[in-house]
Amino acid sequence: MAGARRVFKTWGTSDAERALAVARLVENDVAGIDVNMGCPKEYSTKGGMGAALLSDPDKIEKILSTLVKGTSKPVTCKIRILPSLEDTLSLVKRIERTGIAAIIVHGRKREERPQHPVNCESIKAISEALSIPVIANGGSHDHIQEYLDIEDFRQITAASSVMVARAAMWNPSIFLKEGLRPLEEVMQKYIQYAVQYDNHYTNTKYCLCQMLREQLESPQGRLLHAAQSSQEICEAFGLGSFYEETTRELDARRAELLARNPEEPGESAEDTSGIIKMAVKFDRRAYSPQITPKMYLLEWCRREKLAQPVYETTQRPLDRLFCSVVTVAEQKYQSTLWEKSKKLAEQAAAIVCLRSQGLPEGQLGEEYPSLHKRKRETLDQDSGTPRDEPTIPGELCKKPFVGLRNGNENPSEGW
């Protein structure tokens, strides 16, 4: 695969053997393995990872040596500088002896943040002391604001190359030799890619917030902040028609693929007789705020003194779509339409059950008084903050999920 020649897998770790086990899982799909030994965030350091490793050179050496000897791909690591240059040089020389292919140096100490100046002199001293490539990091804003600044930062630090993080998040066109593109154009193109590549809307939203920065309080920024799906993000940026057209095209391609490959190897051949089915989808905009079909179904089961509904959600490997079956009073219900997330699939299954029973499902204009008494009680379970959990294609998931649409997949051309 082409991506394997360009993509490095990076992670934090505090255990050499566990790091090696993970590396062996992904080494055939990436160009190299990188260990982040410079992250100063608490979620990383309190687990003994990231910058916490800088005070434990023995563990650093064990992790890197284990990876170098146990994997077939190049191994790199990223560090921050230590309080003294002497200690920093001693550490990087020890790291070099593990056999790693390159080292990334963020020119700040563990306690320093972006508002502190990057120490170019320390990076330069490291570059001159080592024979392996040194990649300079930390130059965004103070040194790197456009493409030509990248080479200037490299020369100042005498590094082999430069890693750009924040400046690239602010405007990814910083890598264009001809200069920065207008931010509005960049965001439009990014959103289009996000939809076409099936990027999860929460990640798309985060990246767009990084681009807007001080404009987050603008009308468009407020619309972005309120967006809860890829479709709503597109609408906030005037791309609603693009979203609808693209999703139609991609759904058609999926249907064509499924027609050619109706049953993937390893998919369950479970007998579905006895399941009540309907072709329904869950569209959040058609329902009252903070109310979902799953909440209505749960409340109805409580009123009827029935066991809580059980959802079994399956992901189809071919197109990564989801289908859910809900069991209520020993009867199974399922939508025949596959959805883009576990949450949507489970809501659709709940709708099938409710409609089969002639019950309200929470659509705008419907009333079901007893639900509102328990809305607070059930809100956390059924419509609170999304809590995605990993799903292995073909596995069944029985935890309730609620969610909104995200994007689709497939690339398109662009700059």
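Which residues touch the most other members of the largest nonpolar core? Some notes on this predicted model follow.

1. The core. M37, L64, L67, C77, I79, I95 and I103 touch the most other members, out of 46 residues in the largest nonpolar core. A nonpolar core here is a set of buried Ala, Val, Leu, Ile, Met, Phe, Trp, Tyr and Cys residues joined through side-chain atoms within 4.5 Å, with buried meaning under 20% relative accessible area (1.4 Å probe, protein chains only).

2. Around I103. Skipping neighbours within four places in sequence, I103 has contacts (heavy atoms within 4.5 Å) with C77, I79, V92, I95, L130, I132, P133, V134 and I135.

3. Positive phi. A158 is not a glycine, yet has a positive phi of about 60°; A158 sits in the loop between α6 (147-157) and β6 (161-163). A329, also not a glycine, has a positive phi of about 50° and falls in the loop between β9 (322-328) and β10 (331-335). Helices (H or I, at least four residues) and strands (E, at least two) are DSSP runs, numbered from the N terminus.

4. Accessibility of those two. A329 counts as exposed (over 50%) because its relative accessibility is 54%. A158 is at 35%, so A158 counts as partly exposed, the class between buried and exposed.

5. Confidence. The chain averages a pLDDT (the predictor's confidence in each residue, from 0 to 100) of 85, and 84% of the residues score at least 70. Residues 263-271 stay under 50, with three contacts beyond four places in sequence in the model. Residues 372-414 are also below 50, but this stretch has 132 contacts beyond near neighbours in sequence.

6. Conventions. Residues are numbered from 1 along each chain as its sequence is written, and side-chain values use heavy atoms, leaving out hydrogens and water. Local features need pLDDT of at least 70 and side-chain atom pairs count only at pLDDT 80 or more, while totals for chains, interfaces and linings use all residues.
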